[in-house]
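Trainee: Could we go through this structure together? I would like to begin with the pairs of charged side chains.

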Amino acid sequence: MIRPRTKHLTASFSAPFFFALAAFAATPVIDTGFESGQPPDAIATHLTTAPDTTRAHTGTTSLKMTSTKKGAWGNLTFHLDGKLDFTANHELSIWVYTEAPGTRFSAYISADDGSGEPYTVAHALGAIEPGKWCRLTGTICADYWRKNDRDFKLIIRTRGACWIDDLAFTAGVPSETPAQVWPALETALHAAAAQRATPLAPGATLTLDARHAALAPDTARLQILLPAAPAATNTTPTTTTVTAAAVATTTLAITPAIGAAAPPIQNPESKIQNPLVPAEGLLVFAIDATDDLDLTGTLELHHTAPPAPSAPATATPTGAAAPSIENRESKIENPPALQPGLRVAVLSDDTVIAAPGVRSLAPWRATPGAGNRPGPTPDIPGIRPPPTIPLAPFRMPKGRHHITIAGPHMRPAGAFVKLELRAAPRPAEKPLCTFAFLSDTHLGFGRITKAHAKINASTAAQLETTLRRLKHEGAAFAILGGDMTDNGRRSQFEDLARAINRAALPVYGCIGNHDTFRDSRADIAEILAPLFPEGAANTDYAFTRPPLRFIVLDGSHWRNKDTPIQPHRIPGRAEQNTYRENMHDWLRATLAEDTVTPTIIISHYHFYLPRGVSPVTGYNLGKSALNTALMTILDAAPNVIATMSGHHHYNTVGKWRGITTLQNPAFATWPNAYRVFRVYADRLEWEVRQLPNRGLIRESANPAMKLLWPLSTHDNDISGTIPLAPRPPSPTP
């Protein structure tokens, strides 16, 4: 059965639709306690089932499931065609009991995207402890579904024996996800901050306290707090005890009628002066730049209560520092635990201008988890961070902008005291051009949670929104750094092409390992040909965008000991990705064609990773990694100034023999970031940005993995400058 064609959601939800989501009545698709055993509409495969009255989560009976083939999965399948509401969120919940530690279990929703091959829309997730009833849950958002989806199923699997109870699959769950809340919350936050907007001109210093900000305590709720509104007739600030509970109880809930704009925010009774920025909270300032500005600054943020100064602070755009905040009685009850990891993220619009961490007392290494991936961060102590956080130099174009202090997901960021911005005396120099590098977009199906969640189904909308914003800013082009899709399916390439075409920004492509799970190069050639200027048969290619030259390499060919290099992966074989035959010869020849133009080399795979112990968090990423063959070739070309890569999903920057090596974070999973470059006659400036929807960033982040896949690994990876001058010759070995 092909489901009816429905409107696809994007990152910019219309107000009527957004609030309509909350209006759906919850409707059970499946609701059973298995009191009568296996439901008649469920089909067992390689599985025996029987009602069991010896244990139950609720009621008197559970359903015992036992796989019948040793070492193989047994399935209990519910067909869902005709039962789903594709305009509503759905929630899956199931209780599971196991006895043996080796028992495997999973529950998930699957669909066929029209290719005849099923995919997983969402899993029910949770920890299973033998000897204990455990609940697994999963959410399917309305925008997970695809227009060609069909053959919908709920599949419950076990390898061994287990008991299940209280299975519920419900449409129209009453609450929106943070990603769905975000469009309205962002609008309300900006409207509130606009009431306190402050101008900033070249040469000025601006010192702001919380009375110039709007606070959203939780990105999952449409609530705004205006801390300690300034009043000209009241020079003595009211003091208060600041707690997480206090922040929650003094917020103003905004519940506009369906289709209506959010009402003006009035909160005159709030007196919080040094607000705690909650783990999922946002403190937002509106800044009106009177010209294009080059900025630096500092943030004062206390892990515990700030000291009690003697006089109130005021905004001072004249260049003088503001007096301090009087808040003698302010304190934070139960201050956040000092565990290593991201401390706070500070952003100018979407640009990250600070991402300090809490360092561990001693370097530590991750323990192996499932699939040889790093396991959860251990409970280790951290070093108390300093209250003053320097902001990386950043650029603010003329107009209205927003500085956001964002909680780090795993714990409160601390008590905010003040934000100081310092503008250079002259307006910022206008770049010759701007471009972006985005890697690991993993455009795909549903959502996959391993370490952090990959927001596969939401990537197309976020990518389109990001490319549109770049085009609106005047960017000339963008480059995708591999793993453009998650499974290399034709429908995913079609979705990618659709997002790029709608954004109408020129895009160059690079092949990653997730783009070649199957023989998909024919689909790439047909659907994504415009991403490869020499034709999709030439996925190693060069192009020039004055004053720069780019060379893109395809490292997603495959080999094993039994076969020659293949253009795609062969399922079931242990293979290693590699470059094609004679690629190194082609690269030498291509570099020799132009030894003057500053050149950047791009691949999905690393060139040089500095790794080592992170000075930001103390996390030891291990030994540095160097592709010796490639870097030796690049070292011989003096006009190669930088490399760009993805694949490893975290953000870091290295330097090898004068070549800057930029390792991009992942777009589709934490830290959900990418790079933007400004090109000048003598240099290249770059910055890191996060994707536009902060609710979606929250859904991507897994606090248990707080030290892994960092937003900032070293002190120089948030922004930087690369000279365009030729590199001096490397010393003779």
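Trainee: Which side chain meets that of arginine 135 in a salt bridge?

Mentor: The partner is the side chain of glutamate 91, at 4.0 Å from N to O. A salt bridge here is a side-chain nitrogen of Lys or Arg within 4 Å of a carboxyl oxygen of Asp or Glu. Please keep in mind that this is a predicted model, in which local features need pLDDT of at least 70 and side-chain atom pairs count only at pLDDT 80 or more, while totals for chains, interfaces and linings use all residues. Residues are numbered from 1 along each chain as its sequence is written, and side-chain values use heavy atoms, with hydrogens and water left out.

Trainee: Where do arginine 135 and glutamate 91 lie?

Mentor: Arginine 135 is in strand 9 (residues 134-140) and glutamate 91 is in strand 6 (residues 90-97), so the pair ties together parts that are 44 residues apart in sequence. Helices (H or I, at least four residues) and strands (E, at least two) are DSSP runs, numbered from the N terminus.

Trainee: What about arginine 521, which residue does it meet?

Mentor: The side chain of arginine 521 meets that of aspartate 554 in a salt bridge, at 2.7 Å from N to O. Arginine 521 lies in helix 6 (residues 521-527) and aspartate 554 in the loop between strand 33 and strand 34, so this pair ties together parts that are 33 residues apart in sequence. Arginine 521 is buried, with a relative accessible area of 16%, and aspartate 554 is buried at 0%.

Trainee: And which residue does glutamate 280 pair with?

Mentor: Glutamate 280 forms a salt bridge with arginine 698, at 3.8 Å from N to O. The pair links distant parts of the chain, 418 residues apart: glutamate 280 is in the loop between strand 17 (276-277) and strand 18 (282-289), and arginine 698 is in helix 9 (residues 694-700). Glutamate 280 is buried at 14%, whereas arginine 698 is partly exposed at 21%.

Trainee: How many salt bridges are there by this rule?

Mentor: The count comes to 38.

Trainee: Let us change topic. Which residues of helix 7 are buried?

Mentor: In helix 7 (residues 583-592), the buried residues are Met583, Leu587, Thr590 and Leu591. Seen down the helix axis, they fall within an arc of 95 degrees, so they line one face of helix 7. That arc is taken from the directions from the helix axis to the C-beta atoms.

Trainee: Why would residues point the same way on a helix?

Mentor: An α-helix has 3.6 residues a turn, so residues three or four places apart point the same way.

Trainee: What do the buried residues of helix 7 pack against?

Mentor: Their packing partners include strand 32 (541-545), strand 37 (599-602) and helix 8 (628-635). A contact means heavy atoms within 4.5 Å.

Methods: Buried < 20%, exposed > 50% of the residue type's maximum accessible area, 1.4 Å probe, protein only.
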